[in-house]
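Let's walk through this model together, one question at a time. Have a look at the sequence and the fold first.

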Amino acid sequence: MDSSIVQTISESFIKPQCEPDESKQPIYLSPWDLAMLSVHYIQKGLLFLKLPPTAAKAAVVGGQENPMKTLLDRLKESLSLALVHFYPLSGRLATLKQENPPCYSVFIDCNNSPGARFIHAAVDLTISDILSPTDVPPVVRSFFDHDRAINHDGHSKSLLTVQVTELVDGVFVGCSINHMVADGTSFWHFFNVWSEIFMAAEGNFRIDAPISRLPIHHRWFPDGFGPILNLPFSHHDQFISRHEAPPLRERIFHFPSKSIAELKAKVNADCASTRISSLQAVSALVWRCVTRVRRFPYEQETSCRLAMNNRTRLDPPLPQDYFGNCIQTVKGTAAAGELLDRGIGWAAWKLHRAVADHTDKAVRDWVGAWMESPFIYQLGQFFDPCSVMMGSSPRFEMFGNEFGMGKAVAIRSGYANKFDGKVTLYPGYEGGGSMDLEVCLSPETMKALESDGEFLDAVHGLSNQKQ
């Protein structure tokens, strides 16, 4: 038997420990949610060192002889409590369809669902097998449920699956969440609260235990619309597509905090500004370097897209604890030759302006256009061979989720929503403003990026190159 094959040991479904009255009503979805019908689930997870047997026994209540079983039981019980607050994750999608008057809409139904799925799996690999290779090994995709599933599949598949994969010397806790139900902000909000409940309980899980950040489930709709939004379809075949990514290399590049600070200072100096953020500086670097190694003609238009959280852009703003999708993308564009000739400060300023121009009016204009002509994102549309797409955020609290095992050693993601030019941003392990970039590129482009001077100078720190 291949040691790299992940074996499922057990699976079950977890329901909220009690059902809030709100969960008994249909949960209607916003334009941002409905636009996600045909893209993949969000798949992110944390890799932990497995505690030594003696430490594991001490860490669990009563010093159980089977620490892994105790961990799984506590994960399930704390998940059941977390779902009381995040009850949409225990539901399924349902379609409201009628002919007179015509109506086609999708909503979340928490009444006709077995709950969230929980999988215990195992693989005969070590943490070193996962972290030592230059590229992320393909087996990591098997640490997540719903491989290649699109959000519409949530009619029959769980909206949340937790897969706990036991390695020889580690434990991977992977979450697959339907992207119609949550964006990245809400994904990590759930993860944070689940870990908080786990850590606070000390073996005594209470339904009335307080949590630091309650999710807000009241969906936002533009004035005069909602809660039921009608889609211009009569059957899901009219808007569903399944995108298969071309062969890609996937690699993690670590940017220490010193390298990030030096890059940010250089970028701001280049454009005589103090307003370029670290994320904008790193995005400009990736945009330029990937464009260079792709060897485009001078006039070829290129772009860099950034995922934007709309919560603070709206006026009045939505709270950060708003649970659901509240995201759009903005982009900077430039001809390949001009992008490389002008310097990194010019590229970063273009991205800064794109972000600054994403105002309440821009958000509402997008929503207004969607209301006039609703559309569904197709993964194939995101694959632009002349673009890079920056997703997730190093500001999300990821390493604070410990589940009694100490700080995770790494963050990894599944197959979902990847294409040539997709870059996912994570906080670095050591904190302090460091970042990890999960970069997906064609094999030939990745090989060229690995020897690109500007990129390597930024990764290793500009000051180190002068010594």
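Q: In S15, which residue is the bridge partner of Phe255?
A: This is a predicted model, in which local features need pLDDT of at least 70 and side-chain atom pairs count only at pLDDT 80 or more, while totals for chains, interfaces and linings use all residues. Residues are numbered from 1 along each chain as its sequence is written, and side-chain values use heavy atoms, leaving out hydrogens and water. Strand S9 (residues 249-255) pairs with S15 in the antiparallel sense over seven bridges; here strands are DSSP runs (E, at least two residues) and helices are runs of H or I of at least four, numbered from the N terminus, and two strands pair if DSSP finds at least two bridges between them. In S15, the partner of Phe255 is Met435.

Q: Which residue in S15 does Tyr426 stand opposite?
A: Strand S14 (residues 422-427) also pairs with S15, antiparallel and over six bridges. Opposite Tyr426 stands Asp436.

Q: Why is strand S15 largely enclosed by the rest of the structure?
A: Side chains in a regular strand alternate between the two faces of the sheet. S15 is largely enclosed because its buried residues number seven of the seven.

Q: Which strands stand at the edges of the open sheet of six strands?
A: The pairing in this sheet is mixed, and the order is S1-S6-S7-S8-S3-S13. A strand with a single partner has one side left without a neighbour in the sheet, so the edge strands are S1 (7-14) and S13 (410-413).

Q: What is the bridge partner of Ala121 in S7?
A: Strands S6 (residues 116-122) and S7 (residues 160-166) run parallel and are joined by six bridges. Within S7, Ala121 is partnered by Thr165.

Q: How many disulfides does a search of the whole structure find?
A: A disulfide here is a pair of cysteine sulfur atoms within 2.5 Å. For Cys175, the nearest cysteine sulfur is that of Cys110, 17 Å away, and for Cys386 it is that of Cys304, 14 Å away. The count for the whole structure is zero.

Q: What is omega for the cis peptide bond that joins Asn100 and Pro101?
A: Most peptide bonds are trans. Pro101 sits in the loop between strands S4 (92-98) and S5 (103-109). The bond from Asn100 to Pro101 is cis, with omega about -5°.

Technical notes: Buried < 20%, exposed > 50% of the residue type's maximum accessible area, 1.4 Å probe, protein only.
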